[in-house]
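I opened the file to take notes on confidence, core, strand pairing and backbone angles. These entries follow the order in which I looked things up.

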Amino acid sequence: MIKRTLFFGNPAYLSTKHEQLVIAFTDDKPDKTVPIEDIGMVILENPQITITNGLLAKLNNQKVAVVTCNGQHLPTASFFPSMATPNKLKGSNTNSMLPSH
């Protein structure tokens with residue numbers, strides 16, 4: 001099955017409910033939903049987009065890539081699903097990935 005690429009160029013609030021991506025617009029448009037299992041990539045171009053951690057977790061579980069863009073509309077960060085399993089992490093120090101203060 002071909003996965004969908006979702007592009008967000010306007011302010012929106014992105015969350016999840018019942019395994020669906022919920023798009024709440026800042027204007028008077030009604031909310032829209034998209035099944036997360038149908039998504040392959042999400043591109044966030046507007047700095048006024050809010051995305052919940054719960055949605056990021058569900059996108060990760062479905063192997064969805066997320067790309068954010070800067071004010072010049074260029075990609076600045078990407079969030080790709082981790083392929084690591086708990087067995088691969090055994091014996092590694094996962095805290096070493098955290099910044100030290």
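Over the ring of which residue does the charged end of Lys29 sit? I found the ring of Phe25 there, with the charged end 5.2 Å from the ring centre; for this term, NZ of Lys or CZ of Arg must be within 6 Å of the ring centre and within 35 degrees of the ring normal.

Ground rules. I worked on a predicted model, in which local features need pLDDT of at least 70 and side-chain atom pairs count only at pLDDT 80 or more, while totals for chains, interfaces and linings use all residues. Residues are numbered from 1 along each chain as its sequence is written, and side-chain values use heavy atoms, with hydrogens and water left out.

Confidence. I noted an average pLDDT of 86 for the protein, with 81% of the residues scoring at least 70; pLDDT is the predictor's confidence in each residue, from 0 to 100. Over residues 84-98 the pLDDT stays under 50, and there the model has 3 contacts beyond four places in sequence, a contact being heavy atoms within 4.5 Å. Where pLDDT is low, the predicted coordinates should not be read in detail.

Core. I then looked up the largest nonpolar core, which has 17 residues; such a core is a set of buried Ala, Val, Leu, Ile, Met, Phe, Trp, Tyr and Cys residues joined through side-chain atoms within 4.5 Å, where buried means under 20% relative accessible area, exposed over 50% and partly exposed in between, with a 1.4 Å probe and protein chains only. Among the residues with the most contacts inside this core are Phe8, Leu14 and Leu59. Elements giving two or more residues to the core include strand E2 (12-17) and helix H1 (53-61); helices (H or I, at least four residues) and strands (E, at least two) are DSSP runs numbered from the N terminus. Leaving aside residues up to four places away in sequence, I listed the residues that Leu14 touches, including Phe8, Leu21, Leu44 and Leu55.

Strands E7 (residues 65-69) and E8 (residues 75-79) pair in the antiparallel sense over 4 bridges, pairing being called when DSSP finds at least two bridges. Thr68 stands opposite Ala77 in E8. The two strands form a hairpin with 5 residues between them, and His73 in the turn has a positive phi of about 65°.

Other positive phi values. Glu19, not a glycine, has a positive phi of about 60°; I placed Glu19 in the loop between E2 and E3, and it counts as partly exposed because its relative accessibility is 48%.
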